[in-house]
Amino acid sequence: MSDIEIPESHPRYLSLLTRHRIEEGVEKGITSKQGLIAEGRGEAFDYLLGEETTASADAAERAAAAQLLLAEHPVLSVNGNVAALVPGEMVELAEAVDADLEVNLFNRTEERMRAIADHLRDHGAEDVKGLTADGRIPNLDHERAKVDADGIGAADVVLVPLEDGDRAEALAAMGKVEIVVDLNPMSRSAQSAAIPIVDNIIRAVPNVTDHARDLTDATEEEREKIVREFDREAALREAEDAIRSGELD
Ligand code: PTJ
């Protein structure tokens, strides 16, 4: 048993756990009501992908780990869904790749910003960025453009899970190397990413951390080779093919 009263052997365990966490996120003021809708959309794609990490998603997760380890200033962006679903896992990933955590919301309110920062601290985060909001993403309206100048503003590599398409495109246009986690390979976020991870965030984040730990002793050349050999077009195509054909690898 985990944090819900359902045995882990239940065939829909992961889906039920995910729903439970999102519901709890809304109750705690962390997740927006729109987050419930986003989760439903994600679940539909996950169902079509067999609710497991495909070989191509695993390759993207390894490339993401290598890219984060190569970065000068990596930042992991956290929204209301991510905070509800994988708070401790995001803190662990930040530690494994020495990245900053920054709260960055589509529907920004000061209350939710604070609640999410507190929630991350409760899960072991020491420093949480996002509340200073002294930087801007160009070409977005005021509230949606806010970032920390020394966080996402100064980052060279950004992990943006479950991101809105406009903001994903605007961040990519700023020249950031963008790693996106999104179960919809056709979304503008996935399409604008240097490394699109088409997988459930619940599986993706711990797997990126495992790869990062595995690559701790790898040389810079080895990490660069993994990033270079990752084929984003093929990853997107394979995910879309799996969804459309119903044939999983
Ligand atoms: O907390 P906020 O205010 O920043 O808002 C967050 C949401 C997610 C509500 C906001 O960014 C939003 O509306 O996003 P969209 O446009 O609905 O996009 C979310 C994308 O994430 C969709 O393509 C979903 O398929 C995908 N998604 C949903 N749940 C998961 C997921 N991808 C991976 N894992 C999931 N669990």
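These legends describe close-up views of a predicted model. Local features need pLDDT of at least 70 and side-chain atom pairs pLDDT 80 or more, while totals for chains, interfaces and linings use all residues. Residues are numbered from 1 along each chain as its sequence is written, and side-chain values use heavy atoms, without hydrogens and water.

View 1. Helix α1 covers residues 13–27. Helices are DSSP runs of H or I with at least four residues, and strands are runs of E with at least two, numbered from the N terminus. At 1.5 Å a residue, times one less than the number of residues, the 15 residues of α1 should span 21 Å; the end C-alpha atoms are 21 Å apart, which agrees. Tyr13, Ser15, Leu17, Thr18, Arg21, Ile22 and Gly25 are buried (under 20% relative accessible area; exposed is over 50%, partly exposed in between; 1.4 Å probe, protein chains only). These residues pack against α2 (33–48), α4 (80–85), α5 (87–97) and α10 (201–214). Gly29 follows α1 and has a positive phi, near 80°.

**View 2. The packing of α1 on α2.** The two axes come within 10 Å and cross at roughly 165°. Axes are lines fitted to C-alpha atoms over the stretch in contact, and angles run from 0 to 180 degrees between N-to-C directions. That makes α1 roughly antiparallel to α2 (over 145 degrees; under 35 is roughly parallel, 65 to 115 roughly perpendicular, the rest oblique). Ser15, Thr18, Arg19, Ile22 and Val26 of α1 meet Gly35, Leu36, Glu39 and Glu43 of α2, with contact meaning heavy atoms within 4.5 Å. By class, this contact has three nonpolar, three polar and three charged residues (Ala, Val, Leu, Ile, Met, Phe, Trp, Tyr, Cys and Pro count as nonpolar; Asp, Glu, Lys and Arg as charged; the others, Gly among them, as polar).

**View 3. The packing of α3 on α10.** Helix α3 (residues 55–70) packs on α10 at an angle of about 55°, with the axes 8 Å apart. The two helices are therefore oblique to each other. Asp58, Glu61, Arg62, Ala64, Ala65, Leu68 and Leu69 of α3 meet Ala204, Asn207, Val208, His211, Ala212 and Asp214 of α10. Seven nonpolar, two polar and four charged residues make up this contact.

View 4. Most residues other than glycine have a negative phi. Asn139 has a positive phi of about 70°. Asn139 lies in the loop between β4 (135–136) and α7 (142–145) and is exposed, at 78% relative accessible area. Leu162 has a positive phi near 50°. Its loop joins β6 (157–161) and α8 (165–173). Leu162 is partly exposed, at 28%.
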